Amino acid sequence: MREKTLYGLGALAIALLTHNIWKMLVNLPDEAFQGAIFRIIFFHVPAAFTCFTCFLVSLIAGISYLKTRDLKWDALGVSTTEVGLAFGAANLLTGMIWARIIWGIWWTWDWRLTSMLICWLLYGGYLVLRRAIEEPTERARLSAVMSILSFSVVPFVFFSIKWFRTQHPQPVLYGDGKMDSGYRSMLYGNWVPILMVAFVLVAVRMMQERRQREVDALRRSAHAF
């Protein structure tokens, strides 16, 4: 039943994304200065929001594990971190495509871009750390600590767009930035199915993690016997 619910949620998310893409291409006009490539913002920003949401959940899971020592929190932490990294990569890649067309370059060591890359690498280090530790409880403990430390960079990444006047465009959703109401509605409207996709991926990854723990427990029991 749970798997059927996830399939249904995933199908609904794909349907909403398809509908949104059709609206972006047919109903929304090109942006006056950037042209058609401006539409990439409807995936670039929601991908960043989804990435940070996943990292926030991973932080909560890490704190919860250290308090309870329940491995279900470790499973949630690694699942949300992996999915967050995937959406972080989507954010970086869509930004690079936009920069190549608007700026004429794929990358610049701008505060905003660099801080996002450092954040992504820190969470990538979380996964490397997990692979280096075989004992489950020790792996969960150190992963929780790593997750908590890594999240300290996330607020800096989020606000760097406002704090530093650099080559990166200024905020358009808060502060002095402005975005046309039609574009704004599409941006938030597209975040909903992207969040749904992230939820499905985390749920599937948690099921895999639970089954892996069951297999590991059986293996340890067999070796002990």
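On a 1 Å grid over the protein atoms alone, a pocket is an open set of points with protein on both sides within 12 Å along at least five of seven lines, whereas a cavity is a set of points where a 1.4 Å probe fits but cannot get out; lining residues have an atom within 4 Å of a point. Grid points are joined across faces, edges and corners, and a volume is the space filled by probe spheres set on the points.

The model is predicted: local features need pLDDT of at least 70 and side-chain atom pairs count only at pLDDT 80 or more, while totals for chains, interfaces and linings use all residues. Residues are numbered from 1 along each chain as its sequence is written, and side-chain values use heavy atoms, with hydrogens and water left out.

**Figure 1. Overall fold of the predicted model.** The protein has 7 helices and 0 strands (DSSP runs numbered from the N terminus: helices are H or I of at least four residues, strands E of at least two). Its C-alpha trace spans about 70 × 40 × 30 Å along the principal axes.

**Figure 2. The largest pocket.** This pocket holds about 750 Å³ of space. Its lining comprises 36 residues, with I41, H44, V45, I161 and H168 nearest the centre. Two or more lining residues come from each of α2 (41-68), α3, α4 and α6 (154-163). By class, the lining has 25 nonpolar, 7 polar and 4 charged residues (Ala, Val, Leu, Ile, Met, Phe, Trp, Tyr, Cys and Pro count as nonpolar, Asp, Glu, Lys and Arg as charged, and the others, Gly among them, as polar).

**Figure 3. The second largest pocket.** About 400 Å³ of space lies here. Of the 15 lining residues, R130, R131, R139, R205 and E209 lie nearest the centre. Helices α3, α4, α5 (136-151) and α7 (181-224) each supply at least two lining residues, and α7 gives the most, with 6. The lining divides into 10 charged, 4 nonpolar and 1 polar residues.

**Figure 4. The largest cavity.** The count comes to 1 cavity of 30 Å³ or more, and the largest cavity has a volume of about 50 Å³. Its lining is formed by S58, A61, G62, Y65, W73, D74, G77, Y126, A140, S143, A144 and S147. The lining has 6 nonpolar, 5 polar and 1 charged residues.

**Figure 5. Packing of α3 against α4.** Helices α3 (residues 71-102) and α4 (residues 111-132) pack at an angle of about 145 degrees, with their axes 10 Å apart (axes are lines fitted to C-alpha atoms over the stretch in contact, and angles run from 0 to 180 degrees between N-to-C directions). Residues in this contact (heavy atoms within 4.5 Å) include D74, G77, T81 and L85 of α3 and L113, W120, Y126 and R130 of α4. The contact residues divide into 11 nonpolar, 5 polar and 3 charged.

**Figure 6. Annotated spans.** An unreviewed UniProt entry assigns "domain: Cytochrome c assembly protein" to residues 34-165 (UniProt positions follow the numbering used here, feature names are shortened, and annotations may be inferred rather than shown by experiment). The end C-alpha atoms of residues 34-165 lie 20 Å apart, and the span is 82% helix and 0% strand. Under "transmembrane region", the unreviewed UniProt entry lists several spans, among them residues 7-25 and 83-105. Residues 7-25 are 100% helix, with end C-alpha atoms 27 Å apart; residues 83-105 are 87% helix, with end C-alpha atoms 28 Å apart.
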